[in-house]
Amino acid sequence: MSFPWAKEYTPTNPVMKFLDEKLPMPRLVYNAIGAGYPVPRNLSYFWNFGVLAGFFLVAQIVTGVVLAMHYAANAQVAFATTEHIMRDVNWGWLMRYAHANGASFFFIVVYLHIFRGFYYSSYKAPREMIWLLGVVIFLLMMATAFMGYVLPWGQMSFWGAKVITGLFGAIPVVGEPIQIWLLGGFAPDNAALNRFFSLHFLLPFVIAGVVILHIWALHIPGSSNPTGVEVKSESDTLPFHPYYTAKDGFGLGVALILFFALVFFLPNYLGHPDNYIEANPLSTPAHIVPEWYFWPFYAILRAFTADFFFIPAKLMGVLAMFSAILLWFFLPWLDKSPVRSGHYRPMFRKFFWFGLIPAMAVLFYCGGAPAEEPFVMLSQIATAYYFLHFLVILPIVSQIEKPEPLPYSITEAVLGSDKKAVLGENATPAV
Amino acid sequence: MSKLLSVRLVAILIGLGFTVAVLWAFVSGASAVISEGELKPASAEHEFHEHPNDYAWSFDGPFGKWDVQQLQRGFKVYNEVCSACHSLKYVAFRDLEQIGYDEGQIKAYAASKQVPGIDPLTGEATSRPGLPTDYFPSPYPNAVAAAAANNNAIPPDLSLITKARHNGSNYVASLLTGYREVPAELKAEFPDFALSPTGHYNPYFANLGLAMAPPLTTAGQVTYDDGTDPTIEQMATDVAAFLTWTAEPTLVKRKQTGWPVLIFLLFATVLAYLSKKQIWAAAKRKDD
């Protein structure tokens with residue numbers, strides 16, 4: 001559905017007319033990201049990251065398909081073929097650095113996209129389904145990135161695979177058989193490398209499929225906006241094209257400058273030197289750390305250092321790490337405040353900026369640090385806050401908080417007054 | 001409403017459960033710290049480990065370039081010193097063209113090395129003179145031989161060594177010049193500290209005891225063709241530069257490609273910003 005004032009697609013070119021009659025693909029695009037999609041007129045640059053995430057997904061698929069043409073998923077030669085790509089394949093070094101740093105940028109923009117959602121409670125009705133699909137995309141991204149990091153078959157690849165699959169070993173009774181089943185053996189080897197390659201190639205296309213559902217679900221209620229006030233009339237919206245295509249175009253330019261600055265001048269900055277050492281099952285690295293985008297959750301995993309009654313510390317850590325993400329699925333039903341935007345929620349806003357953001361920063365830092373004091377104790381305090389924030393503070397705050405007054409409409413928020421509203425022209429909000 | 005309330009009630013209970021569990025871990029960790037009186041036991045490896053020195057490299061920075069003379073000197077050091085124990089398996093003889101050797105020189109150099117081959121008449125494993133397309137041969141036939149000849153410490157392949165260590169170029173140069181006697185302060189502070197019987201004290205190495213004996217011991221160990229004075233530091237930095245090239249032969253090309261890409265993007269982004277501004281000008285006070 002769309003707003004009643006959405007422009008209709010009217011092809012004039014005979015080819016487009018023919019196409020529109022037989023297969024209305026141009027109409028679909030026009031209504032999805034063209035002039036046929038009315039968008040709130042007050043979106044800030046924080047609303048750029050969805051489009052940027054889409055861009056980096058496509059970039060990862062393109063560079064990844066090229067890399068797969070030159071890579072061999074065999075434990076004997078995987079490391080050597082990666083070096084072959086770096087040294088002998090024409091522009092192979094660029095493809096590989098763009099792919100490795102592209103994963104990092106994909107996560108950067110997705111994290112900003114998610115935290116935009118936290119602050120503006122984008123997960124609230126009527127957008128629950130968009131949020132749920134978004135969390136699914138994030139989980140798929142994590143699985144894909146983890147398996148991709150195993151493929152160069154360096155030391156961190158091997159030991160990362162061992163540690164992460166080892167998490168399943170913490171499950172009582174069935175843990176060990178599950179771990180062996182996942183790896184196809186007792187330790188990561190050819191069987192694991194092959195299936196990780198197969199799945200690493202498959203999952204991005206699954207992500208692309210869920211992204212289509214995510215966008216489809218978005219087009220039912222339309223985009224949220226920084227005031228959190230729903231669209232009421234035509235003056236609240238602007239057509240996606242040319243307004244937001246232009247704004248996203250500028251945002252993409254800035255993102256690409258940062259991305260290519262990293263690719264060309266600091267391509268290994270976000271990586272770990274140990275992954276330039278070929279995998280060696282007999283030599284354990286001093287510190288096994290995952291890629292930076294897993295650090296906050298890795299810190300939560302390692303924060304549980306003591307058995308809790310009958311639950312072993314390791315199992316508790318695994319449960320907490322998975323719960324830390326899975327609890328996002330329940331946010332639409334935990335945060336019942338009728339006001340969406342953090343701009344108008346004084347109490348929520350304080351917990352967001354002085355609670356959640358510092359806690360995430362501490363978890364991020366500690367996740368990349370060695371498992372020693374004071375990092376373990378810091379991450380324990382931050383972990384406690386993380387769970388309190390989402391599962392205790394958010395439900396209670398949404399109950400007791402007194403929100404600040406909202407603008408009548410988006411138009412009023414942007415332009416200072418909503419003349420049609422004053423005249424009573426749009427008493428019925430658009431559905 | 002009562003159903004929704006129960007969702008939140010369950011969430012609050014789970015949230016408190018995780019909080020209590022992690023704070024329980026915190027309390028047990030904190031009590032251990034208090035009873036020991038320190039956050040982390042002091043260790044010689046922690047206190048006497050040193051970060052690599054900063055050397056001025058020609059390839060540093062966004063405009064970095066190879067110093068071809070230095071790479072050739074470093075290659076000579078590798079060839080005459082390091083190659084006795086360390087392989088360079090991802091580098092082919094033909095690659096030497098990139099550091100200024102011509103085809104004839106490369107052919108002659110390759111032919112001076114024996115690489116594994118197969119006797120065309122009998123099919124038996126043998127060795128033959130190298131060709132430019134061959135890769136640098138390993139000094140040992142296999143890992144077992146390498147371990148046996150080196151007190152079980154296999155000399156690592158050096159192709160990627162500067163990328164496989166933090167701050168790799170500085171690390172290699174610092175390590176090669178870093179050998180010394182165990183400092184008296186260390187002995188005073190940690191009387192129990194003992195190097196392994198095959199270890200050599202080197203503060204740049206993570207556990208301070210490096211299995212490799214000092215490879216560069218005297219000035220002039222390698223004779224340079226370009227007249228540079230072969231001090232130990234000179235040889236160490238030259239070979240570190242050479243190993244930076246072997247780790248990433250495309251390093252300079254990468255930086256040189258980066259500039260036009262960034263300049264183009266900067267230009268395109270300014271244009272994108274201006275067109276965004278122009279398009280959005282129409283949206284200000286549209287309802288007037």
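A residue counts as buried if 20 or more other C-beta atoms lie within 10 Å of its own, as exposed if 12 or fewer do, and as partly exposed in between, with C-beta atoms placed from the backbone.

View 1. Buried residues make up 47% of the 431 residues in chain A. As this is a predicted model, local features need pLDDT of at least 70 and side-chain atom pairs count only at pLDDT 80 or more, while totals for chains, interfaces and linings use all residues. Residues are numbered from 1 along each chain as its sequence is written, and chains are lettered from A and ligands numbered from 1 in the order in which they are written.

**View 2. The fold of chain A.** With a radius of gyration of 24 Å over C-alpha atoms, close to the 22 Å of the globule rule (2.2 Å times the number of residues to the power 0.38), chain A is as compact as a globular protein of its 431 residues. Its C-alpha trace spans about 80 × 60 × 40 Å along the principal axes.

**View 3. Where chain A touches chain B.** In this view, 58 residues of chain A are in contact with 52 residues of chain B (C-beta atoms, placed from the backbone, within 7 Å). Helix H10 (240–265) of chain A is among the helices that each supply at least two residues to this side, and H10(A) gives the most, with 14 residues. The predictor gives the complex an ipTM of 0.93 and a pTM of 0.94.

Technical notes: Contact = placed C-beta atoms within 7 Å. Helix = DSSP H or I, 4+ residues; strand = E, 2+ residues; numbered from the N terminus.
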